[in-house]
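Morning, everyone. Let me put one chain on the screen, and then I'll walk you through a few parts of it.

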Amino acid sequence: MRVSKEQAAENRRRIVEVAGALFRERGFNGIGVVDLMKEAGLTHGGFYGHFASKDDLAAEACAGAMAASAQLWERRAAAGGDGLSTLVTAYLTPAHRDNPAAGCPIAALGVDAARQGGAARRAFTAGLRPFIELLDRLVSGRSAAARRKAALATLSGMVGALILARAVDDPALSEEILDAARTAFAAPDADRA
């Protein structure tokens, strides 16, 4: 049965959205095409009508998840007050830690992206740049180079803290990691060189 162009576009959008969540939850290799299509409410036979390979889907889903997350960061930073503090506080929460499928694709897919082919890595790299650019506008520093370093360190610290908080099996240690990172990155030293 043929589907309309509109329905085909909606099906593709749904596949990418579901893949983005499932890849963040289980990793790129943690779910196969059959199960992914089932979760999208479609048959696996239709997959190759939309994508040449699972790698192509991984790249598109990564790009989509990164773009959506970057837009969320922009909205949070623009919501008023200290944008950096708002971002850090919203990012380093137990709710975010406990829901990788709906959370930050940098923390959820970073290690996996390093093991992927060129398309997924390119999508990850391109998707990372808006986060760095936003933080570069929010952090303090005496020069553009100092702000760039502070932005990279802040992003790395936030993501690393979330990954560690998810990885440990001690709830108290997990909370301690989140709290320490919130303290370190929500109000960083304004006198960075």
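First, the ground rules. This is a predicted model, where local features need pLDDT of at least 70, side-chain atom pairs count only at pLDDT 80 or more, and totals for chains, interfaces and linings use all residues. Residues are numbered from 1 along each chain as its sequence is written, and side-chain values use heavy atoms, with hydrogens and water left out.

The overall picture. The chain has ten helices and zero strands. Those are DSSP runs, numbered from the N terminus: H or I of at least four residues for helices, E of at least two for strands. The C-alpha atoms fill a box of roughly 65 × 40 × 30 Å along the principal axes. Of the 193 residues, 39% count as buried. Buried is under 20% relative accessible area, exposed is over 50%, and partly exposed is in between, with a 1.4 Å probe and protein chains only. Now contacts, meaning heavy atoms within 4.5 Å. Among those with a separation of 6 or more, 66% join residues 24 or more positions apart.

Next, helix H5, residues 83-91. Which of its residues are buried? Gly83, Leu84, Leu87, Val88 and Tyr91. Looking down the H5 axis, these fall within an arc of 130 degrees, so they line one face of the helix. The arc is taken from the directions from the helix axis to the C-beta atoms. What covers them includes H4, H6, H7, H8, H9 and H10. At the N-terminal end, Asp82 is the cap: a side-chain oxygen sits 3.2 Å from the backbone nitrogen of Leu84.

Now H7 and H9. Their axes come within 9 Å and cross at roughly 80 degrees. Axes here are lines fitted to C-alpha atoms, for helices over the stretch in contact, with angles from 0 to 180 degrees between N-to-C directions. That makes H7 roughly perpendicular to H9, a label that covers 65 to 115 degrees. From H7 come Ile106, Ala107 and Ala108; they meet Leu155, Val159, Leu162, Ile163 and Arg166 in H9. By class, this contact has seven nonpolar, no polar and one charged residues.

Last stop: Ser174, in helix H10. Is Ser174 buried or exposed? Buried, with a relative accessible area of 4%. Where does its side chain reach? To the backbone oxygen of Ala165, at 2.7 Å. Not counting residues up to four places away in sequence, Ser174 touches Arg97, Ala165 and Val168.

Notes
A polar contact is a pair of N or O atoms within 3.5 Å; within protein, one must be able to donate a hydrogen and the other to accept it, and residues adjacent in sequence count only if both atoms are side-chain atoms. Angles under 35 degrees count as roughly parallel, over 145 as roughly antiparallel, 65 to 115 as roughly perpendicular and the rest as oblique. Ala, Val, Leu, Ile, Met, Phe, Trp, Tyr, Cys and Pro count as nonpolar, Asp, Glu, Lys and Arg as charged, and the others, Gly among them, as polar.
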